Each structure stands twice: as structure tokens, then as C-alpha cells.
Amino acid sequence: MRPRPAALIARKRDGGALTDDELGLLVGGYLDGSVSEGQMAALLMAGVLNGFTRAEALALTRILTASGQVLDLSGLAGPTIDKHSTGGVGDGTTLLVAPLLAACGAQVVKLSGRGLGHSGGTLDKLEAIPGLRVGLAEEEILDIAADVGCVVAAQTDRLVPADRALYALRDVTATVESVALIASSVMSKKLAAGASTIVLDVKAGDGAFMPDDAAATELAELCVAIGEGAGRRTSALVTGMDEPLGRGIGNALEVVEAVELLSAPPRGRLAEVALALAAEGLAGARGLAPAEVEAELREAWGRGAALERLAAMIAAQGGDPAVCDDPRGVLPAAPVRATVPAAEGGVVRRVPARAVGELTVALGAGRARKDDAVDPAVGVWLGVEVGDEIAAGDPLGEVLARTGAQAEEAAARLAALVEVGGPVSPAPTLRARLGGA
Ligand code: URA
């Protein structure tokens, strides 16, 4: 006899676990309407409060993945590598990692998301490039991957419909915050995207979903176990997100930064994380240790091969590839600029990622409501990072805004956010590594 949804929800409420079949009935029932929104919300809340077992997380991932289509990448020649970040501020790593891996012979089909809350999204950044399209049909995605080696597109409607439905409900019922639910949601999308090697960048800190290294490591460990359990080579890095990763925060600014970084040998924290992620991916695909592929990645970056792949990808997606020669000339820039001087000298102690992200959202770089348009041209260009020694009057950063009043307000907020004081030992950006050779 089919179990009643209420009886299964009660078991979860009382600390019990559900079987694969029972979870399948509930999720399937939610999609076909036989399990109500109220019942699904109750189940999710019971799980958030009491926890899901590892077996439940694995089952949920399988159910979410099987709810839609799985991309078939078997027609692509090179090793297929996918990369995912759990989201942060100034995190333009995809714009660096995807073309860098393509320059080393891999194929990267990256299905990305839009900005969420204070954190940016790769699709919004790419759409700052005039003409560029992210809404690609599956055939086009595969063609671009085969021709260029990398493609970054929006997830198609046919992939993981159950995750879309559940995520929308979790978002409005305060049930996002469960390691098992996040891991199954993230990994169902990665498994459906079809790559044989998966690299995860799990962010830890004030600007991330996971507040600290321990929580991020728990999530990373579960994601790796799910990926490996599904037969994909999977590894994860835990990286710091207490301060923005890059200097540019805002859609066009992050493209500018990616192009400028790829135009010279790798330098700074954003490049460090991008190189480490690319090394995980390439090494995983070849069955090597990351140190064994680092020289090849640095060489490809240094001779401009990754920048050239980025330009080819932009052109293939309808964008203006001249952005890779003259990013500041091609990309939109807001009309009002305000430089923010430091009120006092000392050592930069804190540049809080979440608050800086919220500041750029207030300027229009992100969304207050799901369907809002983003302004590609606004944002903040940071002049400092934690550990920098500065003098009074040195620029803490520059604000790009639509109006003088917005620029003034954002400049005052930025000046108040950056903490300057006595000596500090900056925490390393790369915190932990899980899985891989
Ligand atoms: N990102 C996802 O894709 N899913 C979650 O549950 C949380 C963040």
C-alpha cells in the first residue's frame, strides 16, 4: 500500500529516516500535485531541524537528477570538466577557469546561475558583454563546446525540474540551510550537466552560504561523496569568502578584471583560486596530482591562450570579442565615479564581503526581486585588500553609480565598511582540499 505523505512527514518530524522509494514518492508527488506545497514544506522543515542522513542525501540527489534530462557529452573529444562555486562576492573564477581549461585541451560545459542576494552570478556578468547570449539550445551548447572548448550558458528547462521546484519552495520557507539539501541540489545539477570530472569551490565565511571552514568542509565532503558515488571524478576546495575575492564587484567590472588578469601572468587571490580550481579539474581528468599540471596551466595563461579561448567563446555566444582587447572601452561603465579615500592610515583589517556585495546590489548590480533587471555598468572597484598597508587619503576603492546621490551614499558606506587599524595576519584563501588524487 502507498504510504500516506503525512505518515512519512511524521517519521521525519520524529527523527526517523526515509527510504529512497519514500523520498521518491514525496518528490514525485510534489511535482504531480498529489503532495501539497504545505506537506512538502513541512517535510523540508522537519529535515532542516532534524537533519537528513547521508543515504537520504544520496537518494535525493538521484531523484532530483532523474527528474529531467541529463546532458550527453559523450560526443565531445576532450576530457569534460565542470566547475561549481557555491557563490560569493567578486568571484569571477568561471571566467578564468573555463577558458584556461579549454586552452589545455579540456571541454567545459558550464551551466551557470544568476546573482542571488548579495552574491553575483556568472550569467549576469557575461550579459554585460554587448550581444552575448546565455540562453542557448542544447545543440548549440554542444557545438560551441566542441569548437571552442568552453561554453557558459543558462541551465535549460529540461534539466533537474524537481530541483527548480524544491529550491523555489525552500527559498520562501527558510529551508535552504541544510547541508544535505544544498549538496543534493548542487550535485543534481552537476550530474545532469554530464561532465566526467567535477570541481567544486565551496566558499567559507561572511560572504558565503557556509559561515565557517567547518561547515564548508562538511558540505564539500558530502558533495564529493555524492559525485564519486555517481561515478564522476569529484574534488573540492574550501576557499575563504570573508572578503571579496576579486577587486571588481559588479557585472561589467568583473569581466574587466577577468580580461585584465588573463592578459598578464597570474597574480593575486582571484587568480590563485582560479589556478587551483583549474589544476584540480585538469589533474582529476588525467588521473594526476594538481601539482603535476600547474606548470602547464601557468604557461597557457601566461602566453595568452586562455584569453584567446575566452574571446572565441564570447564570439561564439554572439558577444563582441573586442572586449578581450579593450575591456574598458567595450563594456558599459556607469556615468558617475567616486573615489573613496581612507580617513586614516594603517593596515586594512577587514573588507566584509557580504556588506560590500549588498552595497553593489543597492547600486543596481543585483536584484531585490527575482525578476528585476540588473545594471551591468555599476559596482565597486576595490583599491585594497586585507593586510595592505595604507596611508590616510589612499583610495580604498572607487564607486561606479548612475547618479551623484547614489555614488555619494555608496562611497560613505564603503568608507565605513573597510576597517583600518593595527597589524593583522590575513587568513589563507585556500583552506582545504577534499577528494582527488
Ligand atoms: N545553490 C544551489 O544550487 N542549491 C542550494 O540548495 C543552495 C545553493
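**Exercise 1. Helix α4**

Determine which helices the buried residues of α4 pack against.

*Solution.* The partners of these buried residues are α1 (5–13), α2 (20–32), α8 (161–172), α9 (179–192) and α10 (213–229). Packing is judged by contact, that is, heavy atoms within 4.5 Å. Helices (H or I, at least four residues) and strands (E, at least two) are DSSP runs numbered from the N terminus. The model is a predicted one, in which local features need pLDDT of at least 70 and side-chain atom pairs count only at pLDDT 80 or more, while totals for chains, interfaces and linings use all residues. Residues are numbered from 1 along each chain as its sequence is written, and side-chain values use heavy atoms, with hydrogens and water left out.

Next, identify the residues concerned: Glu 56, Ala 57, Ala 59, Leu 60, Thr 61, Ile 63, Leu 64 and Thr 65 are the buried ones in α4. Buried means under 20% relative accessible area, exposed over 50%, and partly exposed in between (1.4 Å probe, protein chains only).

Finally, check the geometry. Helix α4 covers residues 54–66, 13 residues in number, and its first and last C-alpha lie 18 Å apart, close to the 18 Å expected at 1.5 Å a residue. The expected span is 1.5 Å times one less than the number of residues.

**Exercise 2. Domains and the largest cavity**

State which domains the largest cavity lies between, and why.

*Solution.* Begin with the assignment: domain 1 (5–51), domain 2 (80–327 + 430–435) and domain 3 (333–421), with bounds from an automatic or database domain assignment. The C-alpha centres of domain 2 and domain 3 are separated by 25 Å. Their contact takes 26 residues from domain 2 and 25 residues from domain 3.

Then locate the cavities. On a 1 Å grid over the protein atoms alone, a cavity is a set of points where a 1.4 Å probe fits but cannot get out, a pocket is an open set with protein on both sides within 12 Å along at least five of seven lines, and lining residues have an atom within 4 Å of a point. Points are joined across faces, edges and corners, and a volume is the space filled by probe spheres set on them. Of its 21 lining residues, His 118, Ser 119, Gly 120, Thr 360 and Ala 365 are closest to the centre. Helix α16 gives the most to this lining, with 3 residues.

Because domain 2 and domain 3 both give residues to the lining, the largest cavity lies between them.

**Exercise 3. The second largest pocket**

Which residues lie nearest the centre of the second largest pocket, and how does its lining divide by class?

*Solution.* This pocket has a volume of about 240 Å³. Among its 16 lining residues, Asp 242, Glu 243, Val 386, Ala 427 and Arg 431 lie nearest the centre. By class, the lining comprises 7 nonpolar, 2 polar and 7 charged residues. Here Ala, Val, Leu, Ile, Met, Phe, Trp, Tyr, Cys and Pro count as nonpolar, Asp, Glu, Lys and Arg as charged, and the others, Gly among them, as polar.
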